[in-house]
Amino acid sequence: MPAAIEQATRVLKDNHFKITKQRTAMIEFLVGTATNRFVDVTSIDEFMRKTFPKMSHNTIYRNISEFADLGIVERQVQGDRASVKFQCDFQQEHHHHFICSNCGKVIELKDCPLSPEITSQLSGCEVTGHLFQIYGLCPKCANFMNN
């Protein structure tokens with residue numbers, strides 16, 4: 001079993017979730033397709049419904065939501081489209097991304113841009129979380145677009 005699947009399975013077990021064949025299939029799908037890019041939730045739903053025809057949409061979306069709550073996947077919403085990617089770093093969950101607008105490739109940013117200058121503007125507020133994403137073209141797509 002690949003390390004990423006083992007890590008996700010361990011997170012489920014540690015949080016008292018059963019390791020079902022459906023959850024295992026979803027994790028395997030995410031590891032195979034969503035480790036370096038965000039994948040539309042609808043494509044996960046389509047895969048799961050083809051693999052397990054009697055599985056309901058609600059069950060699929062509930063599992064995706066539970067995976068996000070546990071840190072197995074990261075969520076992104078743009079307009080009315082929700083997408084997820086497999087957690088790229090279980091040791092350091094707090095991180096940010098560069099996302100290629102053309103191919104969807106995700107590059108993890110190790111440094112957090114939330115500076116004391118920003119938080120000082122929030123006098124009296126308690127920051128409990130934040131998201132930061134940069135969009136543009138990855139080197140491959142930028143090179144292709146410029147030629």
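This is a predicted model: local features need pLDDT of at least 70, side-chain atom pairs count only at pLDDT 80 or more; totals for chains, interfaces and linings use all residues.

User: Does Asn15 count as buried, partly exposed or exposed, and why?

Analyst: Buried would require under 20% relative accessible area, and exposed over 50%. Asn15 has 37% relative accessibility, so Asn15 counts as partly exposed.

User: How far apart in space are Asn15 and Pro53?

Analyst: In sequence, Asn15 and Pro53 are 38 residues apart. From C-alpha to C-alpha, the distance between Asn15 and Pro53 is 27 Å.

User: Which strands stand at the edges of the open sheet of three strands, and why?

Analyst: The order of the open sheet is 1-3-2, with antiparallel pairing. Each edge strand has a single partner strand, so one side of each is left without a neighbour in the sheet. The strands at the edges are strand 1 and strand 2.

User: How many bridges join strand 2 to strand 3?

Analyst: Strand 2 and strand 3 run antiparallel, and one of their bridges pairs Gln78 with Arg81. In the hairpin of these strands, two residues lie between them, and Gly79 takes a positive phi near 65°. The number of bridges that join strand 2 to strand 3 is six.

User: Which residue in strand 3 is the bridge partner of Asp40?

Analyst: Strand 1 and strand 3 pair in the antiparallel sense over two bridges. In strand 3, the bridge partner of Asp40 is Ser83.

User: Which residues lie nearest the centre of the second largest pocket?

Analyst: This pocket has a volume of about 270 Å³ and is lined by 15 residues. Strand 1 (39-40), strand 2 (73-78), strand 3 (81-86) and strand 4 (96-100) each supply at least two residues of the lining. Nearest the centre of the second largest pocket lie Phe38, Gln76, Gln78, Ser83 and Gly104.

User: How many residues in the lining of the second largest pocket are charged?

Analyst: By class, the lining of the second largest pocket has six nonpolar and six polar residues. The number of charged residues in this lining is three.

Technical notes:
Residues are numbered from 1 along each chain as its sequence is written. Side-chain values use heavy atoms; hydrogens and water are left out. Buried means under 20% relative accessible area, exposed over 50%, partly exposed in between (1.4 Å probe, protein chains only). On a 1 Å grid over the protein atoms alone, a cavity is a set of points where a 1.4 Å probe fits but cannot get out, and a pocket is an open set with protein on both sides within 12 Å along at least five of seven lines; lining residues have an atom within 4 Å of a point. Grid points are joined across faces, edges and corners, and a volume is the space filled by probe spheres set on the points. Helices (H or I, at least four residues) and strands (E, at least two) are DSSP runs, numbered from the N terminus. Ala, Val, Leu, Ile, Met, Phe, Trp, Tyr, Cys and Pro count as nonpolar, Asp, Glu, Lys and Arg as charged, and the others, Gly among them, as polar. Two strands pair if DSSP finds at least two bridges between them.
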